[in-house]
Amino acid sequence: SSGINAEYGCLVIGCCGVGKSTLLNRLSSEEVAVKQSLPVLTPTVGSNVQDITLSRKKCIRLREVSGSLRQTWSQYYGDSRAIIFLLDITNRAQLSTSQVELLKLLSNPSVREIPVLLVLNKNKSPLVLDLSQIYNIFNIDGILKHALPVVKVIEADLSEQSSIETILSWIRDKYKSP
């Protein structure tokens, strides 16, 4: 073993097909510096764990839990130091489910102290819904003002390096040693 201890750390959740596996792949890839055409991934069954190295001494364990297992997500909150919630902003049919799940997450007492990153994914797609609509549907302004967990919202395209770097820098910030 390398002597690096993987901290259980970051839970990655969202409905089916929002980009959870893609995010894990991009964060763990050595070639993050190039714009990649994203491989088509098969849906995750159950959960998937990926360790990413933040420094010589620090490694974070990302745990993705399938969108089809939404009812089990809350079982993972207690082991998490941060939560990334992905949203596909091209998928109109999924928005109400995502909205319900996001509200469940944010109102769960065990998430009060856990920072949450809300990733509005696929913002460069021609199919993207109007962002002001998304902000209204999800009451993003209200969430930012009133949610007990500290929530950060980013608009992203996981094929783009800048989005991956923004997410990685948020993760690094959450795992700084106290």
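A salt bridge here means a side-chain nitrogen of Lys or Arg within 4 Å of a carboxyl oxygen of Asp or Glu. Keep that cut-off in mind. The model is predicted.

Start with Lys124 and Glu160. Their closest N and O atoms are 3.8 Å apart, so the pair counts under the 4 Å limit. Where do the two residues sit? Lys124 is in the loop between strand 5 and helix 3, and Glu160 is in the loop between strand 6 and helix 5. The pair therefore ties together parts 36 residues apart in sequence.

Next, Asp88 and Lys122. This salt bridge has its closest N and O atoms 2.9 Å apart. Again, distant parts of the chain are linked: Asp88 belongs to strand 4, Lys122 to the loop between strand 5 and helix 3, with 34 residues separating them. Buried or exposed? Asp88 is buried, at 5% relative accessible area. Lys122 is partly exposed, at 28%.

Now helix 5, residues 161–174. Its 14 residues span 20 Å from first C-alpha to last, close to the 20 Å expected. Which of its residues are buried? Gln161, Ser163, Ile164, Ile167, Leu168, Trp170 and Ile171. Residues three or four places apart on an α-helix point the same way, because a turn takes 3.6 residues. The cover over the buried residues of helix 5 includes helix 1 and strands 2, 3, 4, 5 and 6.

One more pair: Asp173 and Lys174 meet in a salt bridge, 2.9 Å from N to O. Both are partly exposed, Lys174 at 23% and Asp173 at 36%. Across the whole structure, the search finds six salt bridges.

Note on methods
Residues are numbered from 1 along each chain as its sequence is written. This is a predicted model: local features need pLDDT of at least 70, side-chain atom pairs count only at pLDDT 80 or more; totals for chains, interfaces and linings use all residues. Side-chain values use heavy atoms; hydrogens and water are left out. Helices (H or I, at least four residues) and strands (E, at least two) are DSSP runs, numbered from the N terminus. The expected span of a helix is 1.5 Å times one less than its number of residues. Buried means under 20% relative accessible area, exposed over 50%, partly exposed in between (1.4 Å probe, protein chains only). Contact means heavy atoms within 4.5 Å.
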